[in-house]
Every structure is written in C-alpha cells, then in structure tokens.
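Please read the numbered points with the model open alongside.

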Amino acid sequence: MKKLLTILERIVRGFAPAASGVQNSYRNFVTALLAILLLSGCVTQPLSTEPEQQVQLNVPKQIQHNNKNYVLKSTQDLGTMVHYVYFTNKESGKDWKSSVELLHDRNVQNMSLQERIQLREKVYDNNDVKYFNLTTEKDTLYAFVIYEPNVSQHDWQLEVARASDVQGCGFVQYQYSLKIPQSRKLANMGEIKLIGYLKKYAIDKEIARLHQLKWDWRCELPKAQSVPN
C-alpha cells in the first residue's frame with residue numbers, strides 16, 4: 001500500500017493543475033485513480049516490475065475529439081495498467097479546459113464488467129461524489145461523473161467515458177473531460193435544474209459521440225531489442 005500511495009503522489013504531481021485549482025484537482029484525480037487502481041486489481045495484486053514485457057496498447061500520438069486535436073503529453077505505466085493523457089497543443093496538466101485520457105488495464109485478475117461497476121460505485125460513494133452514472137450496453141460501459149466547484153476550483157468538471165474488454169489487450173477505457181466555468185446563469189439555478197442542464201447540453205451530447213466512436217483498439221508485445229555485437 002505504501003508503494004501504491006507513492007505512485008499516486010508521483011502521478012498527481014505530474015497532472016494536477018497549479019495555483020487555485022490544485023487542491024480540488026488533486027482530490028478529483030486521486031478519487032478517479034483509486035477507482036482505476038481498484039478496477040485493475042492494483043490494490044490487491046503486487047505491481048509488475050517489468051511492464052515493458054507485457055502487452056502494450058497501440059495508442060495514437062494524436063486524437064481528434066469535437067474537432068479539436070489532442071496530443072499525447074504523458075504516459076504512466078503502473079504494471080497492471082497504463083494511463084495516457086492528451087491535451088491540445090496549447091494546454092497541459094497545469095492549465096487545461098478539456099482533455100482525453102486512455103486507460104489500458106491489462107486485467108491480470110480477469111475482472112468482469114459488473115465487478116468493475118460495483119467497485120467504482122463504491123469508490124465514488126466513499127469519496128462523496130454525488131453525480132455519476134454507470135450503464136452497460138452490449139458489453140460496453142458508458143459512464144459520466146460531475147465534480148462540483150468549490151473554493152479552490154471554480155469550474156464544474158465533467159467526465160464521460162466508454163470502456164470495454166478488448167481481445168488480446170484486457171480492459172480499455174476512453175475518457176473525455178471538460179471544464180465548464182461557473183457562470184451567473186449556473187449559479188442562479190437550483191441543484192436539480194443545474195444538473196439537468198449540464199446533462200442535456202454537455203454530457204448527453206458527449207455520450208452520444210462516444211457511441212459513435214471508432215473502437216478498434218489492439219495490443220502487441222514490445223519488439224525485442226537487438227543486442228549489438
């Protein structure tokens with residue numbers, strides 16, 4: 001567990017935005033990453049010391065989403081899972097408005113989709129995440145999470161994701177995250193109306209896009225390096 005927390009700290013330092021948003025982003029990222037680690041079995045299984053010998057997801061260097069180009073900016077390989085983060089050219093982990101993330105869980109414990117959903121629901125409930133939904137359709141998980149603004153993070157943060165088991169890879173998740181500024185219009189809405197507004201004008205549209213997302217992920221073993229004579 002100590003080793004796991006050390007890895008968490010290292011990853012968070014690499015991705016958490018600076019200045020006023022750092023505390024809330026730290027909390028959100030740790031919540032999400034703990035869910036990911038639980039889903040991948042990292043909490044109960046020892047981390048691999050040789051991830052380079054395991055199957056690697058063939059990830060692109062760039063991803064197009066909503067007519068924007070996102071560039072791979074960071075990769076974190078934890079042994080049983082790999083986390084890839086994409087930002088637009090002008091943005092980074094210190095200053096961003098939207099991002100794309102890929103999670104490759106090598107699924108060493110052969111967890112079912114329903115087990116993943118139950119664990120994620122438990123993690124969100126234990127961390128007081130109020131607004132989230134996890135549904136399945138044709139052996140595919142579709143999910144969204146809404147993080148509220150607070151004194152250190154003034155934006156609403158929305159996350160939508162699509163995930164499924166991929167033959168020869170394990171479990172693959174595609175996630176799109178978007179920040180929405182706290183405007184006077186949103187501030188004057190009641191809680192139920194506000195969440196309904198965010199769902200109708202952002203989340204529902206993004207979930208519809210995820211349904212149309214090209215889904216042809218593949219994995220391969222790393223190529224053996226030649227040894228010089």
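1. Being 4 residues apart in helix α5, Tyr197 and Tyr201 are separated by about one helical turn. An α-helix has 3.6 residues a turn, so residues three or four places apart point the same way. The rings of Tyr197 and Tyr201 form a tilted aromatic pair, 4.9 Å centre to centre with 45° between the planes. Aromatic rings (Phe, Tyr and the six-membered ring of Trp) pair if their centres lie within 6.5 Å; planes under 30 degrees apart count as stacked, over 60 as edge-to-face and the rest as tilted. Tyr197 is partly exposed at 27% relative accessible area, and Tyr201 is partly exposed at 46%. Here buried means under 20% relative accessible area, exposed over 50% and partly exposed in between, with a 1.4 Å probe and protein chains only.

2. On the basis of the model: it is predicted, local features need pLDDT of at least 70, side-chain atom pairs count only at pLDDT 80 or more, and totals for chains, interfaces and linings use all residues. Residues are numbered from 1 along each chain as its sequence is written, and side-chain values use heavy atoms, with hydrogens and water left out.

3. Helices (H or I, at least four residues) and strands (E, at least two) are DSSP runs, numbered from the N terminus. Helix α5 covers residues 191–211, and its 21 residues should span 30 Å at 1.5 Å a residue; the end C-alpha atoms are 28 Å apart, which agrees. The expected span is 1.5 Å times one less than the number of residues. At Lys199, α5 bends by about 45°, the bend being the angle between axes fitted to the seven residues ending there and the seven starting there.

4. Which elements do the buried residues of α5 pack against? They pack against β2, β6, β7, β8, β9 and α4, where contact means heavy atoms within 4.5 Å. Among the buried residues of α5 are Leu194, Leu198, Ile203 and Leu210.

5. Strand β7 is largely enclosed by the rest of the structure, because 8 of its 8 residues are buried. Both of its faces are covered: Thr140, Tyr142, Phe144 and Ile146 lie on one side, and Leu141, Ala143, Val145 and Tyr147 on the other. Strand β8 is also largely enclosed, since 10 of its 12 residues are buried.

6. Two strands pair if DSSP finds at least two bridges between them. β6 and β7 are antiparallel and share 7 bridges; Thr135 stands opposite Tyr142 of β7. Their hairpin has 2 residues between the strands, and Lys138 takes a positive phi near 55°. β7 and β8 run antiparallel with 7 bridges, and Ala143 has Ala161 of β8 as its bridge partner. A further 12 bridges join β8 to the antiparallel β9, with Gln157 partnered by Lys179 of β9. The β8–β9 hairpin has 3 residues between its strands, and Gly168 in the turn has a positive phi of about 80°.

7. Asp105 is found in strand β5 and counts as buried at 1% relative accessibility. A polar atom of the Asp105 side chain lies 2.7 Å from the backbone nitrogen of Asn107.

Methods:
A polar contact is a pair of N or O atoms within 3.5 Å; within protein, one must be able to donate a hydrogen and the other to accept it, and residues adjacent in sequence count only if both atoms are side-chain atoms.
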